Amino acid sequence: YAKCGSLDEASSVFKRQPTKNLVTWNSMIAGYVQHGLGQAALDLYENMLQDGLTTADQVTFAFLLQACTSIGALHQGELLHANICESGLESDGLIGSCLIKLYSKCGSLKDARGVFDKLPMKDVVTWTAMISGYAEHGLGQEALALYASMQSEGMTPADPVTFLCLLPACANTGALQQGKQLHGQIQEMGLEADVMVGNSLVDMYAKCGSMGDARKVFDRLLTRDVVTWNALLTGYAEHNDAQMAVQCFDNMLQQGVEPDETTFICLLVACSHAGLVHEGQQYFKMMLEDGILPTVQHYNCMADLLGRSGRLKEAEAMLQAMPFHHN
RNA sequence: AUCGGUUUACUGUAG
């Protein structure tokens, strides 16, 4: 029931279970976590402790750590970490990855690294979790360095996920050469048909200033989604090529791809940087007509567009008419 | 029977 989306039914079956074993508890805790209800999962664990008949195992802890991660409950997570050590489960690979993710999402990369270093057996997921932690905190060089260590220990990526963490690291640090090497590995592994990998490659090349390569990857992709188009569009916008950005948008529409919120932000940015005030206003209207509700970020782009071109009063009026609080 | 790593966007300060 939980996995099929009916948490209510899962919960009512759970409550009616006369005896609950470890898997009963784990399944219900997992259900809450998978539905983004981290606090409910932690509360249920309290019930389990009060019940006193079941002892948590590595699966329980893995879900509880995910619950903490999802609600940013670092302190709770630290308490669980202590319990995990008391239970002798700190060397478990599954728990290790969850702890790394908890600490890194809560901004405590040193603790994440501490867990990583202490893990006796590291698999690709462990390495990737740590790489992802560095990458997400803008430490692209550390992420790439860790990948180098991973390879020197004879570990190779098994699927696209590791690349999906590394490519943004290259993108954010402008590491074009490393990005190209990764691209080579991706081709050797036959992963270039993966849409997410393709999107990341387009983004990486665009951010590294190589729009030609970005375009090549884009053109060769058999499957594209709105993110693929947005990544390319962002590239053009970022390189102050408003013409290409607009052309890209037109092509996108021609091919029947529905623009989303992000698409319009990319477009508005392109117009803003190029001083295309009128066009920007047109796109803003188009977005409203498409039934896309503008967010604070769209209004910010509009204020930027108007402000840059010296239309301060219009910019101010735009922000005052905005149906949200400013950020 | 229950379990871990996942891609794209904007502004503002200094340089």
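A pocket is an open set of grid points with protein on both sides within 12 Å along at least five of seven lines, and its lining residues have an atom within 4 Å of a point. The model examined here is predicted.

**Exercise 1.** Describe the largest pocket by its volume, its lining and the helices that supply the lining.

*Solution.* 
Step 1. The volume of the largest pocket is about 350 Å³.
Step 2. Its lining consists of 16 residues, and those nearest the centre are Ser 97, Cys 98, Lys 101, Val 125 and Ala 129.
Step 3. At least two lining residues come from each of α4 (58-71), α6 (93-105) and α8 (124-136). Of the contributors, α6 gives the most, with seven residues.
Step 4. Sorted by class, the lining comprises eight polar, four nonpolar and four charged residues.

**Exercise 2.** Carry out the corresponding description for the second largest pocket.

*Solution.* 
Step 1. The second largest pocket holds about 260 Å³ of space.
Step 2. There are 14 lining residues, with Tyr 1, Ala 2, Ala 10, Ser 27 and Met 28 nearest the centre. Two or more residues of this lining are given by α1 (7-16) and by α2 (22-34).
Step 3. The largest share belongs to α2, which provides six residues.
Step 4. Here the lining has eight nonpolar residues, five polar and one charged.

**Exercise 3.** Which residues have the most contacts inside the largest nonpolar core, and with which residues is Ile 29 in contact beyond its neighbours within four places in sequence?

*Solution.* 
Step 1. In soluble globular proteins, nonpolar side chains tend to be buried together.
Step 2. The largest nonpolar core has 105 residues, and Ile 29 and Phe 61 have the most contacts inside it.
Step 3. Once neighbours within four places in sequence are set aside, Ile 29 is in contact with Ala 41, Leu 44, Tyr 45, Met 48, Thr 60, Phe 63 and Leu 64.

Note on methods
Residues numbered from 1 in each chain as written. Chains lettered and ligands numbered in written order. Predicted model: local features only at pLDDT ≥ 70, side-chain atom pairs only at ≥ 80, totals over all residues. Heavy atoms only, no water. 1 Å grid on protein atoms, 1.4 Å probe; cavity = no way out; pocket = protein on both sides within 12 Å on 5 of 7 lines; lining within 4 Å. Points joined across faces, edges and corners; volume = space filled by probe spheres on them. Helix = DSSP H or I, 4+ residues; strand = E, 2+ residues; numbered from the N terminus. Nonpolar A, V, L, I, M, F, W, Y, C, P; charged D, E, K, R; others polar. Core = buried A, V, L, I, M, F, W, Y, C linked by side-chain atoms within 4.5 Å. Buried < 20%, exposed > 50% of the residue type's maximum accessible area, 1.4 Å probe, protein only. Contact = heavy atoms within 4.5 Å.
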